[in-house]
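Q: I would like a close look at a single part of this model. Please treat its surroundings as well, in one connected account.

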Amino acid sequence: MRVGAVRAGMSVEVTCYDCGDSYALADRKRCECGEPLWIAGDVTAFDPDDGAYGVGRYGDLLPVDPVGVGTGTGGTPLVRTEGLDDVVGCRLHVKDEGENPTGSFKDRGSAVGVAYAHERGANRVGTVSHGNMAMSMSAHAASVGMGCVVLVPARIPPGRLGLIAQYDPDLVQAEGDYGRLYYEALEAGPALGVEFVNSDTPLRVAGQKTVAFEIFEAFGGVPDGVVLPVSSGGHASAVWKGFRELERAGVADRVPPLYFVQAAACDPIAQAYRNGDDEVTPVEPGETIAFSIANGSPPSGNRALAAARRTGGAVLSVPDDEIREATDRMARQAGLCVEPACATPVAGLRHLSADGAVDDEAEVVAIATGTGFKELGGEADVDAATVAVSDLERELGSAL
Ligand SMILES: *Cc1c(COP(=O)(O)O)cnc(C)c1O
Ligand SMILES: [Zn+2]
């Protein structure tokens, strides 16, 4: 059953997880109460379409079918990473979201956001991001010939700008409070004819929830825990929603505990969790190597907090030295190249197992949210020997 029949011209309904109010998607992206909205709908069945790839497999539970590069989004592997079991203290599986078209899970949300705007005949989408989401939206829009407005901060490293610019979006550098830009863009979008698909907007959450469906199918049930990095809280909300829908459809008997991990330098959601607060208080972000998860004022922070608490999970934070070590271990002990933000679950799991929250028999899924290939520069700390080709056997023998 299609939750929002865009093609039939019906309006898509969105609801508030907190107060239960509902609206038409076209009218609002956030609730009157201040909390974020997500797409409603009675989930009564889970019938993946075996004829469609990735996100498109779950078209029945999406407002629209993917188009363009969106048709090649999702369907990422769930890798059993035995080499990391001793490190994390449980049986680890890594959902490798770096395999998406632009190398991160953001492609799932962009696939649905761009397809929705495309079907309604819009000629532009937009987003507020200086990283993976900007690349992702630009690529998906380009693949169907749509324009894409990307609002980036005034001070952005040239390398990042280049990664986004290759898809030729309308890049706009914004001066001033970048945190406010999220809200200002949503406000300005309708008048400008731009569908803004920001970090936790309903269409983005709809696309991103499909990772839960894939984990459920690949794992053959509900794992003992799912661990992921959290920044805006959009992805965390989506994983929560995806497992809730499986439970409502009657195919899953429970929602797994959801564990969210932040970098210690910017951990407003983890702080609220530790303090027993119901609301996240914004923080001034500090410097961290996990730059993709450094949102000091997360728009879905309260929703992520609710997801962790109501599923029996937790929100924790880990310092940069532990994130760096986890990034190295993922490469050296599992063959996975991830950006530092994506190694936070491995770093966080070490604490969870040390505290007894997960045991060594637990089957746990860590979501590696994005590839590390975008980040590799020339300054790696490399240890390599030199040999002559003409005397390879002898030289190689002594070099090894
Ligand atoms: C965006 C992003 C996150 C954080 O997701 P949120 O939905 O903002 O919480 C984590 N990891 C990577 C690689 C990202 O690009
Ligand atoms: Zn509300």
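A: The model is a predicted one. In it, 7 of the 10 residues of α7 are buried, so this helix is largely enclosed by the rest of the structure. The buried residues are T210, V211, A212, F213, E214, I215 and F216. Their cover includes the strands β5 (91–96) and β13, together with the helices α2, α6 (202–208) and α8. Directly after α7 comes G220, with a positive phi near 75 degrees.

In soluble globular proteins, nonpolar side chains tend to be buried together. The largest nonpolar core here has 39 residues, and those touching the most other members are F46, V226, V239, W240, F243 and F260. At least two residues of this core come from each of α7 (210–219), β10 (225–229), α8 (234–248), β11 (258–263), α9 (268–275), α10 (301–310) and β13 (363–368). The greatest contribution is that of α8, with 6 residues. For W240, the contacts beyond four places in sequence are Y17, W38, V255, L258, R303, A306, A307, R310 and T311. Another core lies apart from this one; it consists of 32 residues, including A314, L349, L352 and A366.

The axes of α2 (residues 106–119) and α3 (residues 132–143) come within 9 Å and cross at roughly 40 degrees. That angle makes α2 oblique to α3. The crossing of these two helices is right-handed. On the α2 side, the contact is formed by K106, D107, S110, A111 and V114, which meet N132, M133, S136, M137, H140 and A141 of α3.

Most residues other than glycine have a negative phi. D168, a residue other than glycine, has a positive phi near 60 degrees. This residue is found in the loop between α4 (158–165) and β8 (170–174). With a relative accessibility of 67%, D168 counts as exposed, whereas F213 and I215 are among the buried residues of α7.

Definitions and conventions
Residues are numbered from 1 along each chain as its sequence is written. Chains are lettered from A and ligands numbered from 1 in the order in which they are written. This is a predicted model: local features need pLDDT of at least 70, side-chain atom pairs count only at pLDDT 80 or more; totals for chains, interfaces and linings use all residues. Side-chain values use heavy atoms; hydrogens and water are left out. Axes are lines fitted to C-alpha atoms, for helices over the stretch in contact, and angles run from 0 to 180 degrees between N-to-C directions. Helices (H or I, at least four residues) and strands (E, at least two) are DSSP runs, numbered from the N terminus. Angles under 35 degrees count as roughly parallel, over 145 as roughly antiparallel, 65 to 115 as roughly perpendicular and the rest as oblique. A crossing is left-handed if the near helix is turned anticlockwise from the far one by less than a right angle, and right-handed if clockwise. Contact means heavy atoms within 4.5 Å. A nonpolar core is a set of buried Ala, Val, Leu, Ile, Met, Phe, Trp, Tyr and Cys residues joined through side-chain atoms within 4.5 Å. Buried means under 20% relative accessible area, exposed over 50%, partly exposed in between (1.4 Å probe, protein chains only).
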